[in-house]
Amino acid sequence: MKFTLSWLKDHLDTTATAAEIAEALTDLGLEVEEVTDRGARLAGFTLGKVLEAHPHPDADRLRVCKVLTDEGETQIICGAPNARAGITVVVAKPGVYVPGIDTTIGVGRIRGIESHGMMCSEREMELSEEHDGIIELPSGEVGERFVDWLAANDPAKVDPVIEIAITPNRGDALGIRGIARDLAARGLGTLKPRDVVPVPASFESPLRVTIDADTLDGCPLFAGRLIRGVKNGPSPAWLQDALRAIGLRPISFLVDVTNFFTYDRNRPLHVFDAGKVRGNLRVHRAKGGETLEALDGKTYSLVPGMMVISDDTGPESLAGIMGGMATGVTGDTVDVFVESAFWDPVQIANAGRALKINSDARYRFERGVDPAFTLEGLEHAVRTIVNNAGGEASDLIIAGAVPDTDRAFRMDPARVVRLVGMDIPEAEQRRILSALGFRLEGEMAHPPSWRSDVQGEADLVEEVARIASLTRLQGRPMPRMHPGVPRPVLTPLQTRTSAARRTAAALGYNECVTYSFVDAEAAALFGGGTDATRLDNPISADLSHMRPSLLPGLLRAAARNQARGFADLALFECAHVFPGGEPGEQGLMVAGILVGRTGPKDVHGESRAVDLYDAKADAEAVLAAMGAPAKVQILRGGPDWWHPGRHGMIALGPKKVLGIFGELHPRILRAMDVKGPAVAFTLWPEEVPLPRSQTAARPALVAHDLQPVERDFAFVVDAGLEASVLVNAALGADKALIAEARVFDSFEGASLGTGKKSLALSVRLQPVSATLKEAEIEAVSAKIVEKVTKATGGTLRG
């Protein structure tokens, strides 16, 4: 939304500068995007006086002029027919940039005679389209800056242009009147009355208007007046200057009037050439398939249900969006029908999107215009047309009725303090609402018809707060719930989540934030993709299901990075996953993937492909940061998206799984378009048991003063037996005394027999109260052999 300072002052009696107004508008919620100083491009132009003007000896239409400037007398060649001695002109000296011709003036030679500058026309300075001659000023001193002369004599041509951003709820600010009202309520001036005296009716209009019954919900009010005997032509200078300043091209007076009121009062209008209208006008819904050539020169095919204005021959205007070419006004127009209507915002928005038309009328109607101003806006336009283009007006033609927008909300002065934290006296609150157009009746506030966005008591508080200025808010510390040192506010799960993120980042992983939705195929690969997790209204076809795991999103990210040349990746994410679609069927997961190699190639040959032990080490580090027990079991039996022989479940027991690590199945990598090798881990922070002691202090260091004892055992077992079965059996022989058990050797050979292998196990015994005696060591060793033999079916190797 653009407007000039002088245009604003037509509605606001103020002495505030453009900078003060811009600052206030942003504070009011009408954010200023740009303030353009239109005088800056004219800063180099000065006034001069033509002393002599003689014909050019070698050109009939050129004159050699002697011009007095602030630098003395100079010679300028000019082709303007009005160049003569005695006039005050605008001079562009060498080095000055002329915007209208996109040229920097230099010293030139024209037909053999030097010219030291240029005397300018209005079009060359982009002040208007006038170029029949150079500018003649009625006053001014030689050497005076032209921009200063304009500021004193014609400020509308150089005053600043302010552009503001309009939020969808502030349709009233799409009119300069609405902007002025906000500024007046803030105290930057006084709102000027802009009443209109309706033009008396001279005759009864032969043109009538009807609205179909099924269209009244989209057009509750349609009004117009017929004007005979108008003379269309160029607009007055003030109107052309106003429109040109905000980037609109003046076309003709009748067209410019509608554009003027669109910006001045947020009242879109349309003018029909009444001589081209056949019969009467009818507002109805299109059947579909009708065509209309609009004022933009394009032909549109109407969609069924779309609102349209037709005469007896067919559609003549796209309701609330754009008029038709067939009944558009021209320089020969004599009789016009001025239309002012109220259109439903939603239906106008739908029609505009369907036709792909962006017009000023659509932009305003879909954000909401003032329905109560429909008739008054028509009278303003008719008065302006009659005063400037002549003619006589008919009686008022009305179809429908002004919609009733009256509503009221309780005004609670104390609520401002509760919701905003600002102590504003009740009298000031009432003054603000009254200045904004609210009607106050006791405790009830009636919003004005132009504020359709005010729909509750909280909106009243917002209006008071923004006019009073939220910059007045003072920061205050929140009161403590309990005296003394504040209690921790983070839950244990939040603390674990933070620790997991920090640890993964410290390990070299990059955190990802992916969508909670995946496509059905990816979800099915990880145990999801059922109707229970399917979205009813997905934002796109490839985001149709809630994710059952974080791995699909991470693998998609890895694939995108690989496609762009990044082969070695370490990515992680900490977020919720959704195995089911019911409330509570979700859980927190920490997942990470490693793809490619451990690092770049080097002369030491340390770079290698990532393997499951890298994922295992990182998973154990993250679990340790979350407070998981150090003693865990590594089990098989993970889901089928893991490699069947190269993964492990980190568990505290068969039913207490903390996470899974390992290689991803090649089938998964192919489906996700990831080039391996790729290993991963998934952890469930909620499964990590809470510590028995909730103290913030670290536990006491347990240091043993008795020497540990290690014993080695070798068992002959079936070749397919998992080493973890043997380790877990050995640990179960004496949980108090056995501190560690690990496999340190594996051997297969003909001497062991077919289908057999030898696993060597080192068991570490840690005494607590006394040094172990030989008999005690032998007793524990016998238990280990017994447990392992029973669990594996193997024998102690001789």
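Me: Before we start on this predicted model, what makes a stretch of residues a strand here?
Reply: A strand is a DSSP run of E with at least two residues, and strands are numbered from the N terminus. L226 sits in one of these, β16, which covers residues 221-228.

Me: Why is L226 called buried?
Reply: Buried means under 20% relative accessible area. L226 comes in at 5%, so it's buried.

Me: What does L226 touch, leaving out residues up to four places away in sequence?
Reply: Quite a list: F203, S205, P206, A274, V336, F337, E392, A393 and S394. A contact needs heavy atoms within 4.5 Å.

Me: And how far is L226 from I76, in sequence and in space?
Reply: They're 150 residues apart along the sequence, and C-alpha to C-alpha the gap is 54 Å.

Me: On to Q562. Where does Q562 lie?
Reply: Q562 is part of helix α15, residues 551-563.

Me: How do you know whether Q562 counts as buried or exposed?
Reply: Check the number against the cut-off: buried is under 20%. Q562 has 14% relative accessibility, so it goes down as buried. Setting aside neighbours within four places in sequence, Q562 is in contact with A567, L569, V595, D673, V674 and K675.

Me: What makes helix α4 "mostly covered"?
Reply: The count does. The helix spans residues 176-186, and ten of its eleven residues are buried. Those are I176, R177, G178, I179, A180, R181, D182, L183, A184 and A185.

Me: What follows α4?
Reply: G187 does, with a positive phi near 110°.

Me: Which way do residues three or four places apart in an α-helix point?
Reply: An α-helix has 3.6 residues a turn, so residues at that spacing point the same way.

Me: Now D102. What makes its phi worth a look?
Reply: Phi of D102 is positive, near 55°, and D102 is not a glycine. You'll find D102 in the loop between β8 (97-98) and β9 (103-104).

Me: Where is K356, and what is its phi?
Reply: K356 is in the loop between α7 (345-355) and α8 (360-365). Phi of K356 is positive, about 60°, although K356 isn't a glycine.

Me: How do you know which class K356 belongs to, buried or exposed?
Reply: Use the cut-off of over 50% for exposed. K356 has 74% relative accessibility and therefore counts as exposed.

Methods. Residues numbered from 1 in each chain as written. Predicted model: local features only at pLDDT ≥ 70, side-chain atom pairs only at ≥ 80, totals over all residues. Heavy atoms only, no water. Helix = DSSP H or I, 4+ residues; strand = E, 2+ residues; numbered from the N terminus. Buried < 20%, exposed > 50% of the residue type's maximum accessible area, 1.4 Å probe, protein only.
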